[in-house]
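Please view the structure first, then read on.

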Amino acid sequence: MRIGIIGAGTWGIALARMLSNSGHRVQVWSPHPETVDRLAGTRTQKNMPDLIIPEAVRFTKEMEEVCKDKDMLLFAVPSIYVRSAARQANPFVHTGQIIVDVSKGIEAETLMTLSEVIRDEVKANVKVVALSGPTHAEEVAKDLPSAVVSACEDITVAEKVQDVFMNSCLRVYTNTDIKGVELCGALKNIIALAAGMSAGLGYGDNAKAALITRGLAEISRLGEMLGCARDTFAGLAGMGDLIVTATSMHSRNNRCGYLIGQGYETADAVKRVGMVVEGINAIPAAIAFADKYGVDMPIVRAVDAIVNHNADPRTEVARLMGRDKTAERKV
């Protein structure tokens with residue numbers, strides 16, 4: 001299959017390597033000429049120096065070239081750039097192509113998922129799939145066993161993507177609840193920030209487990225209010241992705257949260273991480289959703305207070321622990 005990848009970050013390059021090794025013809029686009037030249041010349045990605053990019057993977061600086069004559073397009077840019085990338089690609093996307101979004105986020109201004117953003121900008125008759133789950137690029141790049149979900153309302157299209165991506169190292173499941181899958185992928189990053197803050201403050205495994213569990217409850221409440229399937233939140237895109245993002249130091253969000261818990265200002269923490277921290281980008285949309293639908297999301301609001309309003313992390317922990325008592329399960 002001929003595949004164009006829009007975005008040359010760690011995830012885009014890890015997938016380019018994997019897909020090329022599976023026998024697909026892969027081309028990667030970056031808007032930065034120096035990045036294209038470096039990738040083509042060194043066959044390495046600066047944040048994963050041990051990864052060797054196959055010689056068969058081609059690179060381009062031209063959006064038209066990465067879209068032309070491709071069967072499938074992957075969007076692998078940071079969430080805040082998905083709309084501009086889709087708008088730039090639109091003139092070159094043709095009917096019948098499958099677009100796979102591997103970015104995770106919600107557009108704050110519109111509350112659209114990223115697949116909805118792509119459909120809003122791309123005028124050709126195409127199917128859009130969200131590929132999501134507990135997958136650190138660093139591990140996929142080493143062919144370590146991983147699993148993801150291919151989500152699309154059209155199950156036959158989800159299955160086509162399943163066939164393309166599935167191999168001996170990556171197991172792919174299908175799901176028709178694309179909104180639920182995308183919601184999980186965006187909001188789990190906020191909970192991962194909270195888990196990192198907890199560790200940075202010196203709290204233990206008990207606190208981390210509580211944050212992960214109750215954070216998933218907040219995401220699930222919002223998802224059900226939006227009409228998503230409950231089972232999605234207990235699956236790979238929900239519980240699975242939340243666990244890996246909230247517990248691993250591969251996770252940018254977890255590392256950023258840890259630094260904030262240690263006393264770093266948010267901007268300094270992001271700078272030290274050195275890559276996009278999607279949990280910070282997701283906070284405005286999460287707060288807007290909670291306000292619009294009247295969903296109780298105290299952990300998300302605590303992270304917002306710390307990241308965006310200079311609240312003291314320990315004060316927010318005390319506020320969470322001192323909330324009115326309630327039942328875990330509403331009867």
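How do the residues of the lining of the largest pocket divide into nonpolar, polar and charged? They divide into 22 nonpolar, 5 polar and 12 charged residues. The model is a predicted one.

## The largest pocket

The largest pocket has a volume of about 1,300 Å³. Its lining is made up of 39 residues, and those nearest the centre of the pocket are Thr213, Arg214, Ala217, Glu218 and Arg221. The elements that give two or more residues to this lining are α8 (178-200), α9 (205-225), α10 (230-233), α15 (298-309) and α16 (313-321). Of the lining of the largest pocket, α9 gives the largest share, 11 residues.

The chain is divided into domain 1, residues 2-176, and domain 2, residues 179-322. Taken over C-alpha atoms, the centres of domain 1 and domain 2 are separated by 25 Å. Domain 1 brings 30 residues to the contact, and domain 2 brings 26 residues.

The size of an interface is often given as the accessible area lost when the parts come together. Domain 1 and domain 2 bury about 2,200 Å² between them, and 65% of this area is on carbon and sulfur atoms. On the side of domain 1, Ile106, Leu111 and His136 lose the most area to domain 2. Together these three residues account for 27% of what that side buries.

## The second largest pocket

The volume of the second largest pocket is about 1,100 Å³. It is lined by 41 residues, and Gly9, Thr10, Trp11, Pro78 and Arg252 lie nearest its centre.

At least two residues of this lining come from each of α1 (10-21), α2 (33-42), α6 (137-140), α8, α11 (236-247) and α12 (252-261). By class, the lining of the second largest pocket has 16 nonpolar, 17 polar and 8 charged residues.

## Cavities

The structure holds 2 cavities of 30 Å³ or more. The largest cavity has a volume of about 50 Å³. Its lining consists of Asp101, Ser103, Lys104, Gly105, Ala130, Leu131, Ser132, Val181, Glu182 and Gly185. Two or more of these residues come from each of β6 (127-132) and α8. The lining of the largest cavity has 3 nonpolar, 4 polar and 3 charged residues. Domain 1 and domain 2 both give residues to this lining, so the largest cavity lies between them.

The second largest cavity has a volume of about 40 Å³. It is lined by Met18, Val140, Asp143, Leu144, Ser146, Asn167, Cys169 and Leu170. These divide into 5 nonpolar, 2 polar and 1 charged.

## Salt bridges

How many salt bridges does a search of the whole structure find? The search finds 17 salt bridges, and the count between domain 1 and domain 2 is 2. Lys104, one of the residues that line the largest cavity, meets Asp241 through its side chain in a salt bridge with an N to O distance of 2.6 Å.

Asp143, one of the residues that line the second largest cavity, forms a salt bridge with Arg17 through their side chains, at 3.0 Å from N to O. Asp143 lies in the loop between α6 and β7 (146-151) and Arg17 lies in helix α1, so the pair ties together parts that are 126 residues apart in sequence.

Notes
Residues numbered from 1 in each chain as written. Predicted model: local features only at pLDDT ≥ 70, side-chain atom pairs only at ≥ 80, totals over all residues. Heavy atoms only, no water. 1 Å grid on protein atoms, 1.4 Å probe; cavity = no way out; pocket = protein on both sides within 12 Å on 5 of 7 lines; lining within 4 Å. Points joined across faces, edges and corners; volume = space filled by probe spheres on them. Helix = DSSP H or I, 4+ residues; strand = E, 2+ residues; numbered from the N terminus. Nonpolar A, V, L, I, M, F, W, Y, C, P; charged D, E, K, R; others polar. Domains from an automatic or database assignment. Contact = heavy atoms within 4.5 Å. Buried area = accessible area lost by both parts, 1.4 Å probe. Salt bridge = Lys/Arg side-chain N within 4 Å of Asp/Glu carboxyl O.
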